Amino acid sequence: MKFFIDTANLEQIHKAQALGILDGVTTNPSLIAKEGVKGKNEIFKHYKAICDIVSGPVSAEVFATDYDGMIREGEELYQIDPAKITIKLPCTEDGIRAVKYFSDKGYRTNCTLIFTVGQALLAAKAGATYCSPFIGRLDDIGEDGIQLIAQIVETYSYYGFGTQVLAASIRHTNHILRCIEVGADVATCPLKAILGLVEHPLTTKGLEIFCKAADSMK
Ligand code: E4P
């Protein structure tokens with residue numbers, strides 16, 4: 001399973017990249033706004049800074065909600081770094097049309113705000129590189145986000161779609177572990193959730209014992 005980091009924070013992206021296990025980055029308008037960047041120039045510079053840190057794909061979401069606007073913005077975003085930028089488009093009628101337009105051009109796309117298998121199927125038929133089902137937001141309303149990931153993985157495999165299931169809206173480490181179990185292609189995670197994978201009390205305790213033994217031999 002690939003690991004993406006779900007943030008626009010440069011410090012956190014640097015930290016995750018330094019771990020040596022980072023495969024890419026996802027952002028959205030809320031995450032960009034959180035960094036305090038404003039205006040097209042500043043926002044584009046920020047995306048460029050992210051692309052310069054990582055070696056993998058960087059999802060940049062269009063702000064437009066109409067087809068023509070999405071095409072215009074998507075084209076501009078892609079030019080920031082054609083080797084890395086993935087155009088992130090919402091799963092709406094106009095968004096699916098835009099996914100099809102960009103996938104026909106050979107651009108990477110990420111179809112976002114996916115909450116049903118039907119939406120995931122449309123994203124795949126339009127040729128999306130990634131489809132982003134939101135686990136946490138489904139869990140928040142009493143539904144089962146992981147079950148949706150499992151259903152989409154099974155559906156894509158049944159029909160042989162190449163679209164990758166990018167599990168999004170991950171809130172904690174256990175979500176990542178469950179994504180591994182159900183075969184998500186990618187998990188995009190907050191840094192804290194990724195670092196949670198490293199920790200185990202027996203690792204900490206075992207290391208203390210080894211360190212004492214090492215000290216006794218100095
Ligand atoms: C990433 O692609 C999504 O935009 C993000 O994971 C949404 O997460 P949230 O539900 O925690 O806002």
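A polar side-chain atom of serine 169 comes to 2.7 Å from an oxygen atom of the ligand. That is a polar contact (a pair of N or O atoms within 3.5 Å). Taken on its own, the ligand has 350 Å² of accessible area, and the protein covers 85% of it; these areas come from the Shrake-Rupley method with a 1.4 Å probe.

A word on the model: it is predicted, with local features needing pLDDT of at least 70 and side-chain atom pairs pLDDT 80 or more, while totals for chains, interfaces and linings use all residues. Residues are numbered from 1 along each chain as its sequence is written, and side-chain values use heavy atoms, leaving out hydrogens and water.

**Around the ligand**

Here are the ligand contacts side by side.

| Residue | Distance from a polar side-chain atom to a ligand oxygen |
|---|---|
| Aspartate 6 | 2.5 Å |
| Serine 169 | 2.7 Å |

The surroundings of the ligand also include Thr26, Asn28, Lys88, Phe134, Ala168 and Arg171, where a residue counts as near if one of its heavy atoms lies within 4 Å. Sorted by class, this shell has four charged, three polar and two nonpolar residues; Asp, Glu, Lys and Arg count as charged, Ala, Val, Leu, Ile, Met, Phe, Trp, Tyr, Cys and Pro as nonpolar, and the others, Gly among them, as polar.

You'll find serine 169 in the loop between strand S7 (164-167) and helix H9 (173-182); helices (H or I, at least four residues) and strands (E, at least two) are DSSP runs numbered from the N terminus. Serine 169 counts as buried because its relative accessibility is 9%, with buried meaning under 20%, exposed over 50% and partly exposed in between (1.4 Å probe, protein chains only).

Leucine 113 is another non-glycine with a positive phi, about 60°. Leucine 113 belongs to strand S5 (residues 109-114) and is partly exposed, at 32% relative accessible area.

Helix H1 (residues 10-19) has something at its start: a side-chain oxygen of asparagine 9 reaches to within 3.2 Å of the backbone nitrogen of glutamate 11. Just after H1, glycine 20 takes a positive phi of about 85°.

**Alanine 120**

Helix H6 (residues 117-125) holds alanine 120, which counts as buried at 1% relative accessibility. Along the chain, alanine 120 and tyrosine 130 are 10 residues apart, and 9.5 Å separates their C-alpha atoms.

How values were computed. Polar contact = N/O pair within 3.5 Å; in protein donor to acceptor, adjacent residues only side chain to side chain.
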